[in-house]
Amino acid sequence: MKWMGNRLRAIRKEKKGTTLIELVVCFMLISLLVAGVSQMLIISMRVYHDIRDMNQAYQVADTLLDKISGEIEGAQVGVAYVTDEENPNTATLKIEDDNKKIDLYDRTGSHIYITVDEKKLLIYYYEVVSENEEGNQKVTRYETVNWQYDENAYMGYDIKELSFRRSDDYPPNVIIVTLTLEKNGTESVSRTRYVECYNFHDALDFAKINGGK
């Protein structure tokens, strides 16, 4: 027992306090650990915001493309309009303005065109005119309408480009719609839809589709 007591006293004498160098090294290691964790958190938050922004962009693009596709799918083939009495144009669906505008008769028979105005989707409904009962006077049934989504629907995004085209790789009644969105002039997301005009069936119908190639 005496030997054990002497040994414990010797150990106490040999034990030293923490040195300044050890404290500095400890604080450096803790600082490195905190910096590493902070960097990981920053990267994680950046990835989270990127994914959130991407999902929002896809949501906006899909909403716009759903509206556009719905109008094009229901385009009417049996309605013909004349743009020039000397040179009648029987096309009922036209892609114009360097593929940036599509002109058609929708499922209700209304004459419309779809394009971009001030970086937002615009669906323009033409004035609807009909003859009165006596047949000697034209009467306006509906005024022209500019239809657009509310600003909040865009979630801060703008339309950078909207194009309509056709391709020889697909049937003539398939319209390829490409929509590109941007945010703050930097981030951009593109989506493409292949839209079939279900009311255009045969060669005579296909002949009433102009442009887009």
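**Exercise 1.** Determine whether Lys101 is buried or exposed, and identify its salt-bridge partner.

*Solution.* Step 1: Lys101 has a relative accessibility of 14%, so this residue counts as buried (buried means under 20% relative accessible area, exposed over 50%, partly exposed in between, with a 1.4 Å probe and protein chains only). The model is predicted: local features need pLDDT of at least 70 and side-chain atom pairs pLDDT 80 or more, while totals for chains, interfaces and linings use all residues. Residues are numbered from 1 along each chain as its sequence is written, and side-chain values use heavy atoms, without hydrogens and water.

Step 2: The partner of Lys101 is Glu96, with the closest N and O atoms 3.7 Å apart. This contact is a salt bridge (a side-chain nitrogen of Lys or Arg within 4 Å of a carboxyl oxygen of Asp or Glu).

Step 3: Glu96 also forms a salt bridge with Lys94, at 3.2 Å from N to O. Glu96 is partly exposed at 23%, whereas Lys94 is buried at 10%.

**Exercise 2.** Describe the salt bridge between Glu71 and Lys67, and state how the two residues are placed in helix H2.

*Solution.* Step 1: The closest N and O atoms of Glu71 and Lys67 lie 3.6 Å apart. The structure holds 10 salt bridges.

Step 2: The two residues are 4 residues apart in helix H2, and therefore about one helical turn separates Glu71 from Lys67 (helices, H or I with at least four residues, and strands, E with at least two, are DSSP runs numbered from the N terminus).

Step 3: Glu71 is buried, with a relative accessible area of 8%; Lys67 is partly exposed, with 22%.

**Exercise 3.** Classify the aromatic pair of Tyr113 and Tyr126, and explain which parts of the chain the pair ties together.

*Solution.* Step 1: The structure holds 5 aromatic pairs (rings of Phe, Tyr and Trp, the last by its six-membered ring, pair if their centres lie within 6.5 Å; planes under 30 degrees apart count as stacked, over 60 as edge-to-face and the rest as tilted). Tyr113 and Tyr126 form an edge-to-face pair, 5.9 Å centre to centre with 70 degrees between the planes.

Step 2: Tyr113 lies in strand E3 (residues 111-117) and Tyr126 in the loop between strand E4 (120-125) and strand E5 (128-131), so the pair ties together parts 13 residues apart in sequence.

Step 3: Tyr113 is buried at 16%, and Tyr126 is partly exposed at 25%. Ring pairs link Tyr113, Tyr124 and Tyr126 into a cluster.
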